[in-house]
Amino acid sequence: MTRAAGFRLGLVLGAVFLLEVLCRAGVIDHLTMPPPSQILRDLGVMLSSGAMYPAMAKTLLNVVIAFSAAVVVGVAAGIGLHGWNALRQGLEPLFATYYAIPVFAFYPLLIILFGLGDAPQILIGFMLAVVTVIMNTLNGLDRVSPVLRKTARIHRLGRLATALKVTLPCAAPSVLTGVKLAVAYAFIGIIGAEFIMSRTGIGYEISFAYNNFDNATMYPLILLILAVSTLVNAALSHWEKILMQRRGLG
């Protein structure tokens with residue numbers, strides 16, 4: 001374990017320990033938040049019972065769909081925009097202010113267009129995740145050495161072959177940064193959309209538990225989301241570290 005990782009782990013454990021002490025001492029009321037140890041036990045009971053498996057499967061599947069679509073479309077759009085300066089310059093101000101736009105405000109319109117199924121929720125997750133992939137892909141491609149592009153032209157590689165064999169591998173660390181952010185945005189979009197209007201999914205279950213003061217359900221589900229997103233980001237960070245080491249930058 002690196003020094004930075006040890007520091008992060010110590011910080012998290014310290015925060016959890018502080019919450020445990022405050023909850024046990026009554027500073028934080030039990031109706032407001034149970035102790036972290038109780039939340040962990042409730043999560044174990046929930047997972048062993050299997051009652052939430054359908055909701056978990058529905059949410060995670062939609063997150064995977066939204067995330068995968070955002071990565072594919074975002075990388076492809078980044079490659080296209082990088083070679084089209086006029087369009088890129090026109091869109092860059094929009095990209096810079098994109099996350100100031102309340103994407104959830106489009107949810108009623110998406111319901112009218114696509115109905116009350118999973119499609120509007122997936123589109124919300126996709127819309128939140130795709131722009132960060134585009135921006136980080138562009139940043140990565142900007143850092144590719146011009147010598148490599150000239151070498152690709154000398155070998156008469158087409159635009160697609162150049163992207164797949166030369167520029168994208170070189171830009172991979174920056175692209176992975178966008179991918180890591182896309183995971184978080186996809187979770188936010190899907191679960192937030194389930195809060196607004198859904199009858200299934202983790203977001204709906206958290207909202208229902210909140211309205212009914214069911215801390216034994218709400219907090220374990222929040223902990224589950226944190227655990228899954230952290231594990232996915234840790235895996236992507238490990239892959240990013242390997243890529244950086246291969247380039248002698250780690």
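**Core and salt bridges**

Reply: Let us begin with one side chain: Arg88 is buried, at a relative accessible area of 11%, where buried means under 20%, exposed over 50% and partly exposed in between (1.4 Å probe, protein chains only). This is a predicted model, in which local features need pLDDT of at least 70 and side-chain atom pairs count only at pLDDT 80 or more, while totals for chains, interfaces and linings use all residues. Residues are numbered from 1 along each chain as its sequence is written, and side-chain values use heavy atoms, with hydrogens and water left out.

Me: With which residue does Arg88 form a salt bridge?

Reply: Side chains of opposite charge can pair when their charged atoms come close. The term requires a side-chain nitrogen of Lys or Arg within 4 Å of a carboxyl oxygen of Asp or Glu. Arg88 pairs with Asp142, the closest N and O atoms being 2.7 Å apart. This pair links distant parts of the chain, 54 residues apart: Arg88 lies in helix α4 (residues 85-97) and Asp142 in helix α6. Helices are DSSP runs (H or I, at least four residues), numbered from the N terminus. Asp142 is partly exposed, at 41%.

Me: How many salt bridges does a search of the whole structure find?

Reply: The search finds five. One of them joins Asp118 and Lys58, with 3.6 Å between the closest N and O atoms. Asp118 sits in the loop between α5 and α6 and Lys58 in helix α3, 60 residues apart. Lys58 is buried at 13% relative accessibility, whereas Asp118 is partly exposed at 33%. Through shared partners, salt bridges join Lys58, Asp118 and Glu194 into one network.

Me: Why are Glu20 and Arg24 separated by about one helical turn?

Reply: Because they are four residues apart in helix α1 (residues 3-25), about one helical turn separates them. Glu20 is buried at 17%, and Arg24 is exposed at 53%.

Me: Which residues of the largest nonpolar core touch the most other members?

Reply: In soluble globular proteins, nonpolar side chains tend to be buried together. A nonpolar core is a set of buried Ala, Val, Leu, Ile, Met, Phe, Trp, Tyr and Cys residues joined through side-chain atoms within 4.5 Å. Here the largest has 55 residues, and Met56, Ile124, Ile202 and Leu221 touch the most other members. Helix α8 gives the most to this core, with 13 residues.

Me: Which residues does Met56 touch?

Reply: Leaving aside residues up to four places away in sequence, Met56 touches Met46, Leu47, Ile202, Leu221 and Leu224; contact means heavy atoms within 4.5 Å.

Technical notes. Helices (H or I, at least four residues) and strands (E, at least two) are DSSP runs, numbered from the N terminus.
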